[in-house]
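Biologist: I have a chain to go through and would like to take it residue by residue. Can you put it up?

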Amino acid sequence: GLEPDLAGGAGANLTIELVQEVVPDGATHLIVFTSFNGGEMASGVSTPILDYIPPTAVPAGISFTDEDASRNEVSGTVTIRPAADETGLNEYRLYWGRNASKLENSDALIAQVP
């Protein structure tokens, strides 16, 4: 449902929280109009709908061999075998991890490869 948050008072930004709203077929933008006594402005102000869809493609694999003899330092080439279907992907991101699936922390990004 749509519930406006008007707690900010006059001049504050107005917010409407959309929760799993189904986008109608053909809709490409959100448009806001002002109104007064039943009349609306002639043309609204809009923003495009950029629907977030996380990728489902999985890289085929990753390999790395440390070539650095120093403790707590690594050197070498990381090889990423691409996903079988890269439709909808624009990059691969390499992170430090605590184990096979958990990121080290929010700053764990090492590199992005287009």
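Modeller: N37 sits in the loop between β4 (35-36) and β5 (39-40). Bear in mind that this is a predicted model.

Biologist: What is the phi of N37 near?
Modeller: Most residues other than glycine have a negative phi. N37 is not a glycine, yet its phi is positive. The angle is near 50°.

Biologist: Is N37 buried or exposed?
Modeller: A residue is called exposed over 50% relative accessible area. N37 has a relative accessible area of 71%, so N37 is exposed.

Biologist: Which loop holds N72, and what is its phi?
Modeller: N72 lies in the loop between β7 (61-63) and β8 (79-81). At 77% relative accessibility, N72 counts as exposed. Its phi is positive although N72 is not a glycine, at about 60°.

Biologist: Which backbone nitrogens does the side chain of D66 reach?
Modeller: A polar atom of the D66 side chain lies 2.9 Å from the backbone nitrogen of D68. The D66 side chain also reaches a backbone nitrogen at 3.1 Å, that of S75. The two nitrogens therefore fall within the 3.5 Å limit for a polar contact, and they belong to D68 and S75.

Biologist: Which residues does D68 contact, leaving aside neighbours within four places in sequence?
Modeller: D66, with neighbours up to four places away not counted, touches E73, V74 and S75. For D68, with its neighbours within four places left aside, the contacts are E73, V74 and S75.

Biologist: D68 is buried. Which side chain of opposite charge is nearest to D68, and how far away is it?
Modeller: Side chains of opposite charge can pair when their charged atoms come close. A salt bridge needs a nitrogen to oxygen distance within 4 Å. D68 has no salt bridge, and the nearest side chain of opposite charge is R71, 11 Å away.

Biologist: Which backbone nitrogen lies 2.6 Å from a polar atom of the D68 side chain?
Modeller: D68 has no salt bridge. Its side chain does have a polar atom 2.6 Å from a backbone nitrogen, and that nitrogen belongs to S70.

Biologist: How far apart in space are A57 and L89?
Modeller: A57 is in the loop between β6 (45-48) and β7. Not counting residues up to four places away, A57 touches A83, D85 and L89. A57 and L89 are 32 residues apart in sequence, and their C-alpha to C-alpha distance is 7.8 Å.

Note on methods:
Residues numbered from 1 in each chain as written. Predicted model: local features only at pLDDT ≥ 70, side-chain atom pairs only at ≥ 80, totals over all residues. Heavy atoms only, no water. Helix = DSSP H or I, 4+ residues; strand = E, 2+ residues; numbered from the N terminus. Buried < 20%, exposed > 50% of the residue type's maximum accessible area, 1.4 Å probe, protein only. Lys, Arg positive; Asp, Glu negative; His and termini not counted. Polar contact = N/O pair within 3.5 Å; in protein donor to acceptor, adjacent residues only side chain to side chain. Contact = heavy atoms within 4.5 Å.
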